[in-house]
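Thanks for passing this one along. My notes follow as numbered points, so please read them with the structure open.

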Amino acid sequence: MKKIFNLPEHDIAIIQRVKQEKGYHSEVQALVHILETYQDDREKEKLERDIYAQVNKELREVFSSLVIGNRQIEKNTNALVDYINSYMILKPEKSLKCIPASLTKSEFIKKSEEVHRSRIAERSRKRKYLASKRR
């Protein structure tokens with residue numbers, strides 16, 4: 001098929017440069033090369049987007065599972081702490097060693113609360129950031 005195009009000078013210069021760089025004998029070969037390269041790049045971009053979407057979907061599923069598991073662990077830990085506290089209070093010989101949490105907190109509890117507060121703050125910052133980007 002034969003077509004005649006009116007191209008600006010800078011486009012013609014690009015075609016001439018491709019013709020020289022690739023060693024083509026005509027502008028048609030250079031233009032075909034440019035079009036094929038463009039098509040290949042578009043296909044690569046589409047493939048990359050598809051791969052990114054698939055990986056993102058799988059990571060979201062894993063992350064959701066981890067969040068659910070973390071919540072369950074926190075529930076179990078709280079139940080275990082309640083059980084141990086109840087056991088220590090109900091056993092008279094152990095109650096002398098029991099220190100009420102209102103008096104002092106263990107280092108583990110302090111660090112756990114700090115980590116929990118920082119995670120909540122980080123999630124809140126991310127949520128606000130994403131909400132601001134959507135606007």
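1. A word on terms: buried means under 20% relative accessible area, exposed means over 50%, and partly exposed is in between (1.4 Å probe, protein chains only). By that scale Glu27 is partly exposed, because its relative accessible area is 36%.

2. On provenance, this is a predicted model: local features need pLDDT of at least 70, side-chain atom pairs count only at pLDDT 80 or more, and totals for chains, interfaces and linings use all residues. Residues are numbered from 1 along each chain as its sequence is written, and side-chain values use heavy atoms, with hydrogens and water left out.

3. Helices here are DSSP runs of H or I with at least four residues, strands are E runs of at least two, and numbering starts at the N terminus. Of the 135 residues in the protein chain, 4% are buried.

4. The accessible surface of the protein chain is about 12800 Å², and carbon and sulfur atoms hold 58% of that. These areas come from the Shrake-Rupley method with a 1.4 Å probe; for residues, only the protein chains shown count as cover.

5. Next, the pairs. A salt bridge is a side-chain nitrogen of Lys or Arg within 4 Å of a carboxyl oxygen of Asp or Glu, and the count by this rule is four. One of them joins Lys19 to Glu27, with the closest N and O atoms 3.4 Å apart. Lys19 is buried, at a relative accessible area of 19%.

6. Helix α2 spans residues 27–90 and holds both Arg42 and Glu45, three residues apart, about one turn of the helix. Their side chains form a salt bridge at 3.7 Å, N to O. Lys46 and Asp50 also pair, at 3.1 Å; they are separated by about one helical turn because they sit four residues apart in helix α2.

7. Which residues make the nonpolar surface patch of about 380 Å²? They are Leu47, Ile51, Val55 and Leu59. Patches use residues with over 30% relative accessible area and no salt bridge, joining nonpolar side chains (Val, Leu, Ile, Met, Phe, Trp, Tyr) within 5 Å and like charges within 9 Å. Leu47 lies in helix α2 and is exposed, at 52%.
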